Amino acid sequence: MSKPGKNLRTDVNVVKEGNVYKLAGFFRKTWELRYFRLRGRQLLYYKNEVDASSQPPRQTLNLRGARAFRAAEGKISARTDFCVEVQLVEPVSKSYYFCTETEEYLNEWIEAINQAAEYSMKEIGKLKGHDEPIACFSFSGDGKRLVTGTETGCVKIWDLRLHKLILSLDAHRDGVTTCGFFDTDRRLYTTSLDKTLKVWDADTFQLLTTIQGLDDGVATCLIIHENNQIVLGSVSGEMKMWNSNTLQVMGSLTGHKSAITSMTSSADGKRMVTTSEDGTVICWVMPRATQATVIRHPYSPVHGAIAKSGTKFVLWDRENCVSVYSWEEKISSKYELNRHSDKVNSCFFTPNSAKVVTASRDRSILIWDATTSGQLLTDLSGQKDAIRCCSVSRNQQLMLSVMGTEVAVWDFHSMEMLKSLEHPKQVMRASFIPDYSGIISMQEDGLILLWSL
């Protein structure tokens, strides 16, 4: 067994290194002796110790959120009796297997890996610039930039790596309702109650186009990237669609007669669900925007969310009624999720479409099976305050909930609260940064806080 080399003494971020057997191969599995180096939160491996001193690593494993433990007996044909399984969660869930010659050495690696994998969740910066609540926000696809909009028409673009404001725009004459990046982050859009959609160059931030295609203020906007479509919905129920490349109008979508409350599409862009303030729900087959069905929800206003798979959608309202529908060959009511005693503030499918999460003013977060039965899986009732919003990370490892001046971070598998992120003022919303680099939270005074993971 190789002892730590000289690089351990010269690189203060390296906490452990040495030879370990790694299970390799796709069809024919073999155990190969490789040189590993644990540096910060990264596990790097090389062909041997000589390569470790002169060559880049053959592979770098991101350990954040990972778990290392003794591999279950019989789960893998191990080279020795001392085998460890390392379960990674970033960028995707995957297990790796390693063997050592002694139990002592195995335990040293397990302890070191688990320490490196722990989430830090510390405040790392503040984004100052807004002096009012943030009405809407969105990330760039790579997670490096953030765009925010307010009810006074102000739009700001932030650099999340440098923790600074890039630019502030007096974009609209009325409140900004939606904002976001599209066209692979090359363009930026903003919509407003001033009846306009504006498209900006995302590098120079020059205004490219102003579209005033609705008779009333824009309530919501949906970009369907797969179809190159922009769909706008107004405060009076009017809906229109544009080609996102040419910005030419593609037509009107009729059926709603009151303010559009939500628009959501499946991952492949073939299905869309829209809801309005009077309880009307319309299911559309895209990209032609033909109506599949119209549902009259019993309570209003109604909101909706479609699963990424497009095979089901969920509706909810301020009367704490939550309904799940199946959309296979036909659309049918599947089950009711009626356990909340007050308004549902947040409702969504998990990224794999297997669960529905509901969060309410009744101080509870409920997690439901969305595959077959609608069974209640987890009941997180009795929280400190009303739940303003809730979200699950893309890799489904963590969950955020916002209540009062606190953002709670949960392990989404064990449902254990990992940490409470305390704020000096009321928190209005919080979100994971798409590249898993951290969390943002937004206070009622417009201050944005950045937290590490």
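## Annotated domain

UniProt positions are given here in the numbering used for this chain, and such annotations may be inferred rather than shown by experiment. With that caution, the unreviewed UniProt entry carries the annotation "domain: PH" over residues 13-118.

## Confidence of the model

The protein averages a pLDDT of 93, and 98% of the residues score at least 70. Residues 1-9, by contrast, stay under 50 in pLDDT, although the model has 23 contacts for them beyond four places in sequence. Where pLDDT is low, the predicted coordinates should not be read in detail.

## Lysine 22

K22 is found in strand β1, which spans residues 14-24. The residue is buried yet has no salt bridge, and the nearest side chain of opposite charge, that of E32, is 6.2 Å away. Leaving aside residues up to four places away in sequence, K22 touches T30, W31, E32, F36, Y45, Q59, Y96, Y97 and F98.

## Cysteines

C347 is itself buried, with a relative accessible area of 7%.

For C390, the closest cysteine sulfur belongs to C389 and is 7.6 Å away, again too far for a bond; C390 is also buried, its relative accessible area being 8%. The structure as a whole holds zero disulfides.

Definitions and conventions:
Residues are numbered from 1 along each chain as its sequence is written. This is a predicted model: local features need pLDDT of at least 70, side-chain atom pairs count only at pLDDT 80 or more; totals for chains, interfaces and linings use all residues. Side-chain values use heavy atoms; hydrogens and water are left out. Helices (H or I, at least four residues) and strands (E, at least two) are DSSP runs, numbered from the N terminus. Buried means under 20% relative accessible area, exposed over 50%, partly exposed in between (1.4 Å probe, protein chains only). Lys and Arg count as positive and Asp and Glu as negative; His and the chain ends are not counted. A salt bridge is a side-chain nitrogen of Lys or Arg within 4 Å of a carboxyl oxygen of Asp or Glu. Contact means heavy atoms within 4.5 Å. pLDDT is the predictor's confidence in each residue, from 0 to 100. A disulfide is a pair of cysteine sulfur atoms within 2.5 Å.
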